[in-house]
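Please look over the sequence and the structure shown here, and then read the report that follows.

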Amino acid sequence: MYKTDIVIIGAGVIGLAVANELSDLSKDIVVLEKNDSFGRETSSRNSEVIHGGIYYMPGSLKALMCVRGRELLYEFCANNKVPNKKTGKLIVATEKEEVGSIASLFSNARQNGVKGLRIIGREEISVMEPEVRGIEALYSPETGIVDSHSLMQRLLDRAKAKGVSVVFESEVTAIRKDKDIYNVTVKGGNETTALSARVVVNCAGLDSDLVAAMTGLDIKERKYELQYCKGQYFRLNRKKAGRVKMLVYPVPNPVSGGLGIHATPDLAGGLRLGPDHEKMKGRIKDYSVDESRKKDFCASVSKFLPFIEERDVFTDTAGIRPELRDDANGYRDFIVKEEAPAGLPGFINMVGIESPGLTASLAMAEHVRKLVRL
Ligand SMILES: Cc1cc2nc3c(=O)[nH]c(=O)nc-3n(C[C@H](O)[C@H](O)[C@H](O)COP(=O)(O)OP(=O)(O)OC[C@H]3O[C@@H](n4cnc5c(N)ncnc54)[C@H](O)[C@@H]3O)c2cc1C
């Protein structure tokens, strides 16, 4: 059996950020990824937004990691030539009844330590974004977009340069604790091998609850069970895409969930609409986009972007959020936990890492470093 210090399960943005961070602690780290390359799942199927930290519950990991992660991410991008742009963002109220929500979001964001926010009126909206219609908006200058593929590539390169091994087509199928080490069974092609490690970090995204369960943890009792939640995107035609420069969001609707269908410019000059928020019945990774949703998408965004018409819009991609099943209060935070109290010292679970996981990735890695004892 091959012995190593640390095994990281999953090479999405979280696993790669953790690998890069922990590579300062040990030269003996192995990242295991079941797909044939990095970032083939949620980390490459998202809006690529560097979030400000406006929406999350004050004091939650989502809020803390988003605010810290955003700072770290802009710094990392600048130092490592990762394409990004601080576009700014508007959350727009189009009806009088929504104005109260703008004030609540402003107050929530201030509690989270988000800087530079301003509430602006109709005139200033039309100066900033002439095509946007709204009676009031929350302006967030720090929000931006990032090239998530380049970000992951740089994290991978840096980790590898510091001695981390990243092994693709290697699926973890079992984990067994033996005294103070973990024996990890890995399936690659027709072969099954085994690795032992003192520390295991579970960054398995949509399968992170199942990987946690491999240790014998009762994921139902611990509320680690995931509910897949699909987010579909449509794309605006090239001609009209350049008419908006910032990210433009509606006021979130607590009933439909998510942040509301919004418009997100990308670094190539395109404009995407979405994602929507649809709870899935099973655990199938179905990334198809339902063309019949186009009407609803256009109806939602045309309230604040009236120039968008159905004939301008085409199906794009979809992603799946690894959401934790609802709690009594409806809010579920990221789970980042060293499981020593459950008899699993050195086993670190990262479960339910939905949005703003991309923004928060470097802060989450910093957080994990504090939990590792070698
Ligand atoms: C529609 C949508 C929009 C989003 N928009 C944003 C946004 O704009 N900004 C933002 O900050 N966040 C956003 N997010 C959230 C963000 O994309 C995720 O939080 C982040 O990508 C999670 O990264 P990850 O590494 O945990 O997961 P993943 O990228 O899914 O990586 C997990 C990896 O683990 C591997 N794996 C699983 N099981 C095993 C196993 N048994 N053995 C080996 N490998 C395994 C998988 O193959 C996968 O590569 C969005 C998410 C969605 C779905």
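Helix 1 passes helix 5 in a left-handed crossing, a term used if the near helix is turned anticlockwise from the far one by less than a right angle. The model is predicted, so that local features need pLDDT of at least 70 and side-chain atom pairs count only at pLDDT 80 or more, while totals for chains, interfaces and linings use all residues. Residues are numbered from 1 along each chain as its sequence is written.

Helix 1 (residues 13-22) and helix 5 (residues 148-161) pack at an angle of about 30°, with their axes 8 Å apart; axes are lines fitted to C-alpha atoms over the stretch in contact, and angles run from 0 to 180 degrees between N-to-C directions. Helices are DSSP runs (H or I, at least four residues), numbered from the N terminus.

The chain is divided into domain 1 (2-45 + 149-225 + 330-371) and domain 2 (89-140 + 230-322), with bounds from an automatic or database domain assignment, and their C-alpha centres lie 32 Å apart. Nine residues of domain 1 are in contact with eight of domain 2, contact being C-beta atoms, placed from the backbone, within 7 Å.

Around the ligand there are 42 residues, of which Gly10, Gly12, Gly205, Gly231 and Gly357 come nearest; a residue is near if its C-beta atom, placed from the backbone, lies within 6 Å.

| Side of domain 1 that touches domain 2 | two residues | five residues | two residues |

Note on methods:
Helices (H or I, at least four residues) and strands (E, at least two) are DSSP runs, numbered from the N terminus. Two residues are in contact if their C-beta atoms, placed from the backbone, lie within 7 Å. Ala, Val, Leu, Ile, Met, Phe, Trp, Tyr, Cys and Pro count as nonpolar, Asp, Glu, Lys and Arg as charged, and the others, Gly among them, as polar.
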